[in-house]
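Work through the exercises below. Each task is followed by a solution in steps.

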Protein chains: 2
Amino acid sequence: MPLQEREREVLITILESYIKTAAPVGSRTVAKLSNLNLSPASIRNIMADLTEKGYLDQPHTSAGRAPTAKAFRFYLDAGMRPHPVGETEKRRIDATLSSAGLEIGAVLKQASRTLSDCSLQVGMVIAPRHADAMWKRIEFALIKPGLVLTILILQGGMVLQRLIVTSKDLDGDDLIRYGNYLNHLFKDLTVAEVRAKLAAEVKRVEKRLGEMYLDALKLVMEAFEAENAPELIVDGAANILAHPEFSDISHMREALSVLEERSRLLELLDKTMDEFKTVIIIGEESDMAGLTDFGMISTPYGSKEHPLGAVGLLGPIRMDYAKLVPVVNYTASILTKMLDRNF
Amino acid sequence: MPLQEREREVLITILESYIKTAAPVGSRTVAKLSNLNLSPASIRNIMADLTEKGYLDQPHTSAGRAPTAKAFRFYLDAGMRPHPVGETEKRRIDATLSSAGLEIGAVLKQASRTLSDCSLQVGMVIAPRHADAMWKRIEFALIKPGLVLTILILQGGMVLQRLIVTSKDLDGDDLIRYGNYLNHLFKDLTVAEVRAKLAAEVKRVEKRLGEMYLDALKLVMEAFEAENAPELIVDGAANILAHPEFSDISHMREALSVLEERSRLLELLDKTMDEFKTVIIIGEESDMAGLTDFGMISTPYGSKEHPLGAVGLLGPIRMDYAKLVPVVNYTASILTKMLDRNF
DNA sequence: TTTGGCACTCTCACGACTCGAGCGCCAACG
DNA sequence: CGTTGGCGCTCGAGTCGTGAGAGTGCCAAA
């Protein structure tokens, strides 16, 4: 059954108060805060209904009521009026992001930090996957006999580097020839495509061409075989521990353990990239254990045709979504713009 | 006045018990643990003396005694019998470190993690300063008109990269010429020396040679001017919060704030590099506020002639130094050996 | 010099108690 | 019939007192 107008109003009032104070809200408070001009007694009736419908929860008889995850979901889907990002804040985000320079890695780190600073929550950023980026050039440097530094420059200025052990008699000239051969072969393919093509090329070369090219291919294979997990940048873990819901020690430990599960967080952020839109996950909507009391906002950056990565926030379920969703979106848009220069 | 043999024995017993349990130690416990074969009453007398001399501290009348920072200093300087690293543990360290591959950055991160895992404290590593490393080769890649990726390869396989905005009409051939010129000019100088030489070279070129070389120099200057702060890698912050001394919330926050002061931690670790020996700093010996209840073990890696960086542990003052100092030293030695391959 | 004994002190855990917030219910009111 | 004020109830948080336990300090005896 849908909510009546008055129930809606009361629920939103409770939500907004709870988001500010993290404390259960009583009928008196709601009566004062809402613009319904009803007495606490009437509010109590409405609150009782909302409790029955599963939107509110009483920790105990005399403690006021706290919104449930269902209430937050309602808020996000229907009740929330997003609060646009202020000019001051915009300027602040612009400034800090551009202070990081042009390098993707540095910019992303800064983005994560800026997000966590603005929100007092945990900021997260997924870096662009190397696999989707295009091969631009490979360079080899002989560090010492038998040790070669391989540097793969990707479109957009990303760099993948790896040290490789080789046979001792490989010299600088060999490396230059390898480089030329490989650059010719793989230019303008994505790293994923290169990986796919590598095996076939090895077979082809084995039959027709000399040993030399085989070595070159093996070098590349060794260098870039394991580069699969996208990088997750997390910042502001200390922020989150300052919130009152974590003032008790066991909750704090739980929060820390959530932050350690990088792969799970990645999974959640991935969703936002697949669908290329802002996603908010609260409470048990993720099937990630321990995330019950958390909420996560995430949004992709890059373009719909070429999604690059995602940025997001993780915090207690009672985050100020109305304010923070626009902040996350704005950050993503700036990020998109900044990285655009590189492509 | 120096400690008598019996006082020494009692103090060390107290220290070792306190290191294990983090709880003040009573006379009965000492009587049982020590091999003096004295009654609790006699122990009490000795403990009273130690308290007078400043080695022990009573939180309150009936709480047993806890060692002071002075006691720990005594322990470190005179009483401690280092506990050699076990074979199993050695193998474990070897294995995890070599699983990180050959790349310096990855190895150092792994070292920090391994240290924190072995010790259940916070692991710290200072990465080698780029300034001390030798210029091996510079590479330029034109990412798009007006945007150049600069890659400086240093001796040992370290890589410094930076994106630079240039004039739009700079093309690939220009970049190759720039590279040749710069590599010839700076080969086998350290980054610090290059920085010093740059200004002079600019002046020299301004008078005699063409515009082109000037641009090349400016490119390098822009790329590598700001690279000063050595990198500090920290891992295992969650570990430290599990210790009983941080079970109360205000101590926990204090601990977190200590970990955020990266530059201060760096300062402390720097000491160990200057003197090139293992340094243990406890309590107020550093003048760093908030570090009163902490202890830090640090030791350099690399060789005395070419110190590369430092590794260390940060934890509560009652760390198990006897066990952990050898662990830190062993890690540093493995690290030295691994990086040796690169030079 | 060492030891057992004993009185003393202080913390911690537990229970009783009070206070206040908030609720549910109900009767009365417009 | 919705709204309101009132009243009694419940439950948590804080306060106080008490008792147990750990540990000390001191003293007299071995």
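**Exercise 1.** Which helices each supply at least two residues of the surface near DNA strand D?

*Solution.* This is a predicted model: local features need pLDDT of at least 70, side-chain atom pairs count only at pLDDT 80 or more, and totals for chains, interfaces and linings use all residues. Residues are numbered from 1 along each chain as its sequence is written, with chains lettered from A and ligands numbered from 1 in the order in which they are written.

- "Near" puts the C-beta atom, placed from the backbone, within 6 Å of the strand. Helices (H or I, at least four residues) and strands (E, at least two) are DSSP runs, numbered from the N terminus.
- Chain A gives helix H3 (40-52); chain B gives helix H2 (27-33) and helix H3 (40-52).
- H3(B) has the largest share, 4 residues.
- Of the 21 residues around DNA strand D, those that come nearest are A:Ala41, A:Thr61, B:Gly26, B:Ser27 and B:Ser62.

**Exercise 2.** Describe how chain B meets chain A.

*Solution.* 

- Contact means C-beta atoms, placed from the backbone, within 7 Å.
- On that basis 25 residues of chain B touch 25 residues of chain A.
- E4(B) supplies the largest share of chain B's side, 5 residues.
- The copies meet through the same surface, because 100% of the interface residues of chain B are also interface residues in chain A.

How values were computed: Two residues are in contact if their C-beta atoms, placed from the backbone, lie within 7 Å.
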